[in-house]
Amino acid sequence: MEKVYKQLARHLDNTPGGFPPTASGVELRILKQLFTPEQAQLTLCLVMMPEPVEAIALRAGKPAETILSMLKEMGEKGLILHIRKPDGDTFMLLQFVVGIWEYQVNRLTQQLIKDFNEYVPYLMKAQEAHKTQQLRVVPVEKSINTQLNIMDHEHLENLVRSQSKILVAPCICRREHTMVGKGCGKMEESCLVFGGGAYIYESRGIGRTITADEAMDIVRKGAAQGLVAQPSNSVKPMNICLCCDCCCQILSNIKKTPSPARIVNSNFQASVDTDQCTGCQACEEICPMDAIAVTDGLAQVDKERCIGCGLCVTVCEFDAMSLADKQEMERWEPPRTLVDTYMKIAQEKGLF
């Protein structure tokens, strides 16, 4: 039984999101809580492309009618992706993060949370090595100025209002921290999911469909609470996460590194007008990366730590803080689609 979970761990490690091994084997404990041995074995026959049950059955060496019900059950549990279409259902391998873990938002247990929090530093360490990240950072609307070289896909409102379907789901990071008594009290219903992803979440009973106006209200409330807007790293994103630096597993682990700006895919950084700065410390207090420090009565920005979220601009009452473009050589152009993003990460990992 142990063998199949080790095989599944290696299978998931060969996805763009990765699933690295540890000395403690905590990653195997996680898999045992999510997958039965039979489900783990069947998952080994899936790839990160939607396929009909017949193709998977051929790989598994079993009749399609034998495995169909198990594939549907695994799809309901968020262990794989089940895509329902009029011309026939398809099934696809999910990576662990972003993927399997986020779909467990309504199935969390104390033990699963404990093991995940032990494992996530290893997972994040592996992802930090890639130039292309799964999420990017875009500035909050209030921080945008006319001097910025900003593209449509960097405008939060444009990203939201261009979507055909929008769903808001609970933030799994803040939910799991709340469940173990470590919640920050910031809004939980804050993950925006778009298009086909929204339909999949809806079919699993996760979240609720909302209008673009409602989504923008959530975005603005998030900015007021100091949440960083992180869309999926593509021109046309599948989702936007509104993340805090205390519960969010991505931001909190990036924050622990000496140079968050080198990891996060973002095109902007904060700048201080020293003539206007009063040293009030509002920007220092809201900065999620500890990139701003008030010294001798003036705010100073550590460019190695600033991720260009623009939250500091929203709280400066003296127009001393603004966002500026990164140098041309440091600018980031996201891939066109999420599939392109995963292909780039896979290339950087040497998977092909």
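Helix packing, cavities and a pocket in a predicted model

In this predicted model, helix 13 (residues 260-263) contributes the most to the lining of the second largest pocket, namely three residues.

User: What volume does the second largest pocket have, and which residues lie nearest its centre?
Analyst: The lining of this pocket is made up of 15 residues. Ala261, Arg262, Val264, Lys326 and Glu330 are those nearest the centre. The volume of the second largest pocket is about 380 Å³.

User: Are helix 2 and helix 7 roughly parallel or roughly antiparallel to each other?
Analyst: Two packed helices are described by the angle between their axes and the distance between the axes. For helix 2 (residues 26-34) and helix 7 (residues 110-128), the axes are 9 Å apart and the angle is about 150°. Angles over 145 degrees count as roughly antiparallel. Helix 2 and helix 7 are therefore roughly antiparallel.

User: Which residues of helix 7 make the contact with helix 2?
Analyst: The crossing of these two helices is left-handed. From helix 2, the contact is made by Val26, Glu27, Arg29, Ile30, Gln33 and Leu34. By class, the contact has six nonpolar, two polar and four charged residues. On the side of helix 7, the residues are Gln111, Leu112, Asp115, Phe116, Glu118 and Tyr119.

User: At what angle do helix 7 and helix 9 pack?
Analyst: Helix 9 spans residues 172-179, and its axis is 10 Å from that of helix 7. The crossing of helix 7 and helix 9 is left-handed. The angle at which they pack is about 115°.

User: Which residues in helix 9 meet helix 7?
Analyst: Helix 7 takes part through Gln110, Ile113, Phe116 and Asn117. The residues of this contact divide into three nonpolar, three polar and one charged. In helix 9, the residues are Glu176, His177 and Met179.

User: What is the volume of the largest cavity?
Analyst: The model has five cavities of 30 Å³ or more. The largest cavity is lined by 13 residues, of which seven are nonpolar, five polar and one charged. Its volume is about 100 Å³.

User: Which helices each supply at least two residues of the lining of the largest cavity?
Analyst: Nearest the centre of this cavity lie Gln133, Gln134, Leu135, Ile250 and Ile254. One of the helices that each supply at least two lining residues spans 249-255. The helices are helix 7 and helix 12.

Technical notes. Residues numbered from 1 in each chain as written. Predicted model: local features only at pLDDT ≥ 70, side-chain atom pairs only at ≥ 80, totals over all residues. Heavy atoms only, no water. Axes fitted to C-alpha atoms, helices over the stretch in contact; angles between N-to-C directions. Helix = DSSP H or I, 4+ residues; strand = E, 2+ residues; numbered from the N terminus. Parallel < 35°, antiparallel > 145°, perpendicular 65-115°, else oblique. Left-handed = near helix turned anticlockwise from the far one by under 90°. Contact = heavy atoms within 4.5 Å. Nonpolar A, V, L, I, M, F, W, Y, C, P; charged D, E, K, R; others polar. 1 Å grid on protein atoms, 1.4 Å probe; cavity = no way out; pocket = protein on both sides within 12 Å on 5 of 7 lines; lining within 4 Å. Points joined across faces, edges and corners; volume = space filled by probe spheres on them.
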